[in-house]
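Please keep the sequence and the structure in view while reading.

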Amino acid sequence: MIMKYPHVVSSVTPVQAKTLINSHDYSYLDVRTREEFSEGNVGGSVNIPLYFSIAIEEQLNNDFIADVAGVFERDSLIVVACKSGARSLAACELMLNAGFSGVVNMRGGFFGLRCDKTGAVIDKGWLDYYL
C-alpha cells in the first residue's frame with residue numbers, strides 16, 4: 001500500500017540533523033514513547049510522544065499537536081525523530097497539516113532502521129554515527 005501525503009516532508013540524515021541542531025536554529029523533537037526516550041536520547045531534546053504505551057499496545061496521543069504547540073511556535077525549525085524514522089514521518093505530516101512550517105524528518109531515527117532479513121542497517125540512526 002502506498003501512503004500519499006498532501007505535504008512533501010523533507011528528510012535529513014542524522015549527520016545533517018546534528019548540523020542543523022548545532023547551528024542553534026533547529027530544535028530536536030523526539031516522538032518516541034517515554035519508555036523509549038528513557039533508554040537513550042539526544043541531549044537537549046524535547047520528548048512529546050506520538051503514541052503512549054498502554055499495556056502491550058500503543059495508543060495515539062490525541063493531544064500530540066496541542067502538546068507540540070505548547071512548546072513550539074508554528075514557525076519553529078524542528079528536527080523530528082523517533083526510533084527508526086516511521087513515527088517521526090507521521091508526526092511531521094500531522095504537524096504540517098496543523099500549520100507547523102519548519103519541520104524535517106530524521107531518516108533512520110535514533111537507533112536506525114534495520115529491516116532486511118539479515119538485520120543489516122537500511123538507514124543509519126543517530127547512534128550508528130556515534131553522534
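In this predicted model, a polar atom of the Asn105 side chain lies 3.2 Å from the backbone nitrogen of Leu89. The side chain of Asn105 also makes a polar contact of 2.4 Å with the side chain of Ser88. A polar contact is a pair of N or O atoms within 3.5 Å; within protein, one must be able to donate a hydrogen and the other to accept it, and residues adjacent in sequence count only if both atoms are side-chain atoms. Asn105 belongs to strand E7, residues 102–106. Helices (H or I, at least four residues) and strands (E, at least two) are DSSP runs, numbered from the N terminus. Asn105 counts as buried because its relative accessibility is 3%; buried means under 20% relative accessible area, exposed over 50%, and partly exposed in between, with a 1.4 Å probe and protein chains only. Not counting residues up to four places away in sequence, Asn105 touches Val9, Ser10, Ser11, Val12, Val80, Gly85, Ser88, Leu89 and Cys92, where contact means heavy atoms within 4.5 Å.

Two conventions apply throughout. Residues are numbered from 1 along each chain as its sequence is written. The model is predicted, with local features needing pLDDT of at least 70, side-chain atom pairs counting only at pLDDT 80 or more, and totals for chains, interfaces and linings using all residues, while side-chain values use heavy atoms, with hydrogens and water left out.

**The sheet and its helices**

The protein has four helices and nine strands, and from the N terminus on its elements follow the order β-α-β-α-β-β-β-α-β-α-β-β-β. Five of the strands form an open sheet with parallel pairing, in the order E1-E7-E6-E2-E3. Strand E1 (11–12) and strand E3 (46–47) stand at the edges with a single partner strand each, so one side of each has no neighbour in the sheet. Strands count as paired if DSSP finds at least two bridges between them. Strand E6 (residues 77–81) runs parallel to E7 and is joined to E7 by four bridges; Val79 has Val104 in E7 as its bridge partner. Helix H4 (residues 86–97) packs on the sheet, where H4 touches strand E2 (26–30), E6 and E7, and the direction of H4 makes about 170 degrees with that of E7. Such axes are lines fitted to C-alpha atoms, for helices over the stretch in contact, and angles run from 0 to 180 degrees between N-to-C directions.

Helix H1 (residues 14–22) has Pro14, Ala17 and Ile21 among its buried residues. These residues cover an arc of only 55 degrees around the axis, which puts them on the same side of H1; the arc is that of the directions from the helix axis to the C-beta atoms. The cover over the buried residues of H1 includes E1, E2, E6 and E7. Just after H1, His24 takes a positive phi of about 70 degrees.

**Buried residues**

Buried residues make up 40% of the 131 residues in the protein. The table gives the relative accessible area of several buried residues.

| Residue | Relative accessible area |
|---|---|
| Tyr28 | 2% |
| Ser76 | 18% |
| Cys82 | 1% |
| Cys92 | 0% |

Tyr28 is found in strand E2. Leaving aside neighbours within four places in sequence, the residues in contact with Tyr28 include Ile21, Val79, Ala81, Met106 and Trp126. Tyr28 and Ala81 are 53 residues apart in sequence, and their C-alpha atoms are 7.4 Å apart in space. Ser76 lies in the loop between helix H3 (64–69) and E6, and a polar atom of its side chain is 3.0 Å from the backbone oxygen of Glu73.

The structure holds zero disulfides, a disulfide being a pair of cysteine sulfur atoms within 2.5 Å. The closest cysteine sulfur to that of Cys82 is in Cys92, at 9.2 Å, too far for a bond.

**The hairpin**

Strand E4 (residues 51–54) and strand E5 (residues 57–60) run antiparallel and are joined by four bridges. Phe52 stands opposite Gln59 in E5. The hairpin of E4 and E5 has two residues between the strands, and Ala55 takes a positive phi near 55 degrees there.
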